[in-house]
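User: I am new to this structure. Please show it to me, and then I will ask how the labels were reached.

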Amino acid sequence: GQHNPADIPTLHRAFTARKADIVVGSRWTRGGSAPGTSPLRGLGSRFGNCLFRVVTGTRGVRDATTSFRVYSPRVVRFLLSTDSKRYSGYSFFSTTIALAEAAGYSITEVPIEFRPRYSGQSKLDRKEVWRYFSTLGSLRAERRSQAGDGHEAPYRATDEIELLSMAKGWNRFVVRNALEGVVAEDVRCIVEVGAGLGGVTTVLAERFPSASILAIEPDEVNFAALSEMFAADDRMSCAPGTLDDHHDVVKELRPDILLYVNVLEHIDDDVGEMRRAADVLPAGAVLGIFVPALSRLYGPIDAKSGHFRRYSRQSLQEVVEGAGFDVEHIGYVDRLGIVPYWWNYRFLNKAGISGGSVWAFDRIFVPTMRMTEGILSVLPVGKNLACVARRRPVPTGAHGGAPPIETA
C-alpha cells in the first residue's frame with residue numbers, strides 16, 4: 001500500500017504528454033513526499049540517490065531507487081537485450097535508469113506521496129544496501145560503454161530537427177563551411193542526402209538560385225513535411241529513402257554538389273556510403289560534409305539522435321580520401337560551442353533542446369560564434385567538422401577512382 005494506485009493515471013498522462021520512455025513516480029522531486037518515513041531511512045535514500053548521480057554521471061533523476069514507474073515497450077526491449085544478471089534485487093531500479101539514460105532514452109519524473117506500508121515487512125536489508133552501493137562503480141563503466149554505442153537507441157530526434165530547421169543563421173553558417181570556395185555560378189545541380197525538414201535545403205536554394213536541387217530523406221514523417229514545403233517550387237524535387245535507393249537516378253543527374261549535413265554520423269557504414277557517393281559523382285564534382293566532432297562530447301542527445309560516432313579531423317579525412325575524393329578543405333568549426341555543449345549534454349546529460357534555447361542559440365550565440373571563429377582558429381578542436389572534397393579524376397582506362405562497392 002505504499003504506492004497509491006490512484007497515481008497510475010497521472011504517471012500515464014505524463015508518459016503520453018511528454019513522450020517519455022520511462023516515467024518515475026518520485027518521492028524526492030519537487031512536490032513529492034514520503035510521510036512516515038523515518039529520518040534515518042529518508043536520509044539514507046537521499047544519500048543513495050545523490051551518490052548514484054555523482055558516481056555514475058546520471059543526471060536529471062532525483063529518485064532512481066523507487067519502483068513506481070511506467071516503461072515504454074522499446075525501452076523494455078532494450079533492457080532485455082542487456083545483461084539480465086545485473087537486474088536482481090533493488091539494484092534493478094537504479095541500473096535501468098543509468099543504462100537507459102546513457103543509451104539516449106528519455107526519462108521524466110512525476111511527484112508522488114510514498115506512504116507508510118499497512119502490512120508486510122520491508123525487504124530492504126543490509127545485504128541489499130551493500131549490493132546497491134557495491135555496483136555503482138561497475139555501473140559507471142557500463143554506462144560509459146553504453147553511451148558509446150549510438151545505435152542502441154532508436155532515432156527519436158524529430159523535435160530537435162524541427163527546431164534546428166528554423167535556425168536560419170546556423171543553417172547559413174553550416175552551408176557556408178560545408179561548401180567553402182564553391183562558386184554559385186558553376187553549380188547546375190545539387191543533391192542533398194538526409195534533408196530532414198528542409199532547413200539546409202532552403203539555404204541551398206538561396207545561395208544557388210540557378211541550380212536544381214534533389215532532397216533525399218529516409219524518415220517518412222520528415223519526407224512528408226519536406227515534400228509539402230517545396231511542392232510549389234519547380235527547382236526542387238524530393239525523394240524518400242537513401243542515396244543507395246536512388247543510385248542510378250543521381251548518377252544520371254551528374255550533380256555538381258553532393259551534400260551531407262549532420263547525416264554521416266547516422267550511417268553505420270560511413271565508408272561504404274562515401275564509396276557510393278564517389279560512384280554517383282562525375283570527376284571534379286564537390287562533396288560537402290558537416291558532422292559533429294570530438295568523441296568526448298558524445299552524450300544522451302547524440303544517442304537519442306541515432307549518432308554512431310563523433311568525428312576527428314583524421315578519421316573524417318581517412319573516410320573521405322579512402323573513398324576516392326581529394327580533400328580541398330577540412331577543419332574544425334564552432335570552437336566557442338564546445339564548453340556550453342559539454343555542460344548541457346555531457347555534464348547535465350540533457351537529451352533534448354527547447355524552442356527558447358534554439359532562439360537564443362540562433363539569434364545570440366551564432367553571431368557571437370561567427371565573430372570569434374577567427375580568433376579561436378588557433379585551437380586545434382571544434383564542436384563540428386566541415387569538409388569540402390572533389391571527386392578524384394578517374395584514371396584513363398580504369399573502371400573508377402574509388403574502391404569497389406560490395407553488392408549483394
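User: How many bridges join β9 to strand β10, and do they run parallel or antiparallel?

Analyst: This is a predicted model. In it, 8 bridges join β9 to β10, residues 384-391. Pairing takes at least two bridges, so the two strands count as paired. They run antiparallel. Within this pair, I330 is opposite C387 of β10.

User: Which strands make up the sheet of 7, and in what order?

Analyst: The order is β6-β5-β4-β7-β8-β10-β9. The sheet is open, and its pairing is mixed.

User: What makes β6 and β9 the edge strands?

Analyst: Each of them pairs on one side only. β9 covers residues 325-333. From one strand to the next, the twist averages 15°.

User: How do you know that β5 and β6 pair, and in which sense?

Analyst: Count the bridges: 5 of them join β5 (residues 212-217) to β6 (residues 236-240). At least two are needed, so this is a pair. The strands run parallel. L214 is opposite S237 in β6.

User: Through which helix does the chain cross from β5 to β6?

Analyst: The path goes through α10, residues 220-229. This β-α-β crossover is right-handed.

User: Which helix lies across β7, β8, β9 and β10?

Analyst: That is α8, residues 168-178. It runs at about 40° to β10. Helix α10 also packs on the sheet, where it touches β5 and β6. The direction of α10 makes about 165° with that of β6.

User: What makes β1 and β3 a pair?

Analyst: β1 (residues 22-26) and β3 share 5 bridges. The requirement is at least two, so they pair. The sense is parallel. I22 is opposite I107 in β3.

User: Where does D63 lie, and is it buried or exposed?

Analyst: D63 is in the loop between α2 (39-56) and β2. Its relative accessibility is 0%. That is under 20%, so D63 counts as buried.

User: How do you know that D63 and R27 make a polar contact?

Analyst: Their side chains are joined at 2.9 Å. The limit is 3.5 Å, so the distance qualifies. The side chain of D63 makes another polar contact with that of T65, at 3.4 Å.

User: Which residues does D63 touch, not counting those up to four places away in sequence?

Analyst: D63 touches V24, G25, S26, R27, W28, N49 and E109.

How values were computed. Residues numbered from 1 in each chain as written. Predicted model: local features only at pLDDT ≥ 70, side-chain atom pairs only at ≥ 80, totals over all residues. Heavy atoms only, no water. Helix = DSSP H or I, 4+ residues; strand = E, 2+ residues; numbered from the N terminus. Right-handed = clockwise from strand over helix to strand, strands pointing away. Buried < 20%, exposed > 50% of the residue type's maximum accessible area, 1.4 Å probe, protein only. Polar contact = N/O pair within 3.5 Å; in protein donor to acceptor, adjacent residues only side chain to side chain. Contact = heavy atoms within 4.5 Å. Axes fitted to C-alpha atoms, helices over the stretch in contact; angles between N-to-C directions.
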